[in-house]
Amino acid sequence: TANIILVVAENMLGDKKVTVVFVLGGPGSGKGTQCSNIVEHFGFTHLSAGDLLRAEIKSGSENGTMIENMIKEGKIVPSEVTIKLLQQAMIKNENDKFLIDGFPRNEENRAAFENVTKISPAFVLFFNCSEEEMERRLLGRNEGRVDDNIETIRKRFKVFVESSLPVIEYYDAKDKVKKIDAAKPIPEVFEDVKAIFAPYAKAT
């Protein structure tokens, strides 16, 4: 049976050849806005790990209940669970170009994704932005309880740096990171994004 399992693992996406781009950036780096632009202009499908988990919870499936309980207990959802959802989404979708947003969050996610799917990203789009700038943007978004917001923001930022930077370093060593200065105004950031995605432009 070991051989059969192996064959299945290697054909997880069937015969479908896919282009995957990982999108990473701290909270407030503006990657959501740019993902929408990439979808619109370059015909990619945007997959957000967080959205897929939330949708699974909403569906009321057994898997969804398990995910919900883990989140409630403050546990991290195992990589395999998220990867399976990403895989299903890629298989179900007609498209063969995907932006995967907010994943891999850490080195363990990354290794598991490549092991399970046998997919290596075409490149990693990294929205690089200083903590000061992200803080300014996030605080501008929600008026009111500044103090506890700033605490939460700093925590989220710290988690991002500690867990995601090793992923960026790993791909950087393979020459696969395309770093974008995300502190610039949105239209300028998109000009940089367009230059990177030019090879993937939709045939008109």
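A: Let us begin with an annotation. UniProt, in an unreviewed entry, places the feature "binding site" at Asn 109. Please bear in mind that the model itself is predicted.

Q: In which helix is Asn 109 found, and does Asn 109 count as buried or exposed?

A: Asn 109 is found in helix H6. To judge burial, one compares the relative accessibility with a cut-off: under 20% is buried. Asn 109 has 8% relative accessibility, and therefore counts as buried.

Q: With which residues is Asn 109 in contact, leaving aside its neighbours within four places in sequence?

A: With those neighbours left aside, Asn 109 is in contact with Ser 79, Ile 83, Phe 103 and Pro 104. Two of these names, Ser 79 and Ile 83, return among the buried residues of helix H5.

Q: Which residues of H5 are buried, and what covers them?

A: The buried residues are Ser 79, Val 81, Thr 82, Ile 83, Leu 85, Leu 86, Gln 87, Ala 89 and Met 90. Their cover includes strands E1, E2 and E3, together with helices H3 (49-58), H4 (62-72) and H6 (107-117).

Q: How many residues has the largest nonpolar core, and which of them have the most contacts inside it?

A: The largest nonpolar core has 29 residues; Val 20, Phe 22, Leu 86, Met 90, Ile 100, Phe 103 and Phe 113 have the most contacts inside it. At least two residues each come from E1, H3, H5, E3, H6, strand E4 (123-128) and helix H8 (146-173). H5 gives the most, with six residues. Another core, of 20 residues, lies apart from this one, and includes Phe 42, Met 134, Phe 157 and Val 189.

Q: How should I read the sheet?

A: One reads the order of the strands, and then their direction. Five strands form an open sheet in the order E2-E3-E1-E4-E5, with parallel pairing. Strand E2 (45-48) and strand E5 (177-181) are the edge strands, each pairing on one side only. On average, neighbouring strands are turned by 25° against each other, direction ignored.

Q: What are the pairings of E1, and why is E1 described as largely enclosed?

A: Strand E1 (residues 19-25) pairs in the parallel sense with strand E3 (residues 97-101) over five bridges; Val 23 has Asp 101 in E3 as its bridge partner. Five bridges also join E1 to E4, again running parallel, and Gly 25 stands opposite Phe 127 in E4. Six of the seven residues of E1 are buried, so the strand is largely enclosed by the rest of the structure.

Conventions
Residues are numbered from 1 along each chain as its sequence is written. This is a predicted model: local features need pLDDT of at least 70, side-chain atom pairs count only at pLDDT 80 or more; totals for chains, interfaces and linings use all residues. Side-chain values use heavy atoms; hydrogens and water are left out. Two strands pair if DSSP finds at least two bridges between them. Helices (H or I, at least four residues) and strands (E, at least two) are DSSP runs, numbered from the N terminus. Axes are lines fitted to C-alpha atoms, for helices over the stretch in contact, and angles run from 0 to 180 degrees between N-to-C directions. Buried means under 20% relative accessible area, exposed over 50%, partly exposed in between (1.4 Å probe, protein chains only). Contact means heavy atoms within 4.5 Å. A nonpolar core is a set of buried Ala, Val, Leu, Ile, Met, Phe, Trp, Tyr and Cys residues joined through side-chain atoms within 4.5 Å. UniProt positions are given in the numbering used here, feature names are shortened, and annotations may be inferred rather than shown by experiment.
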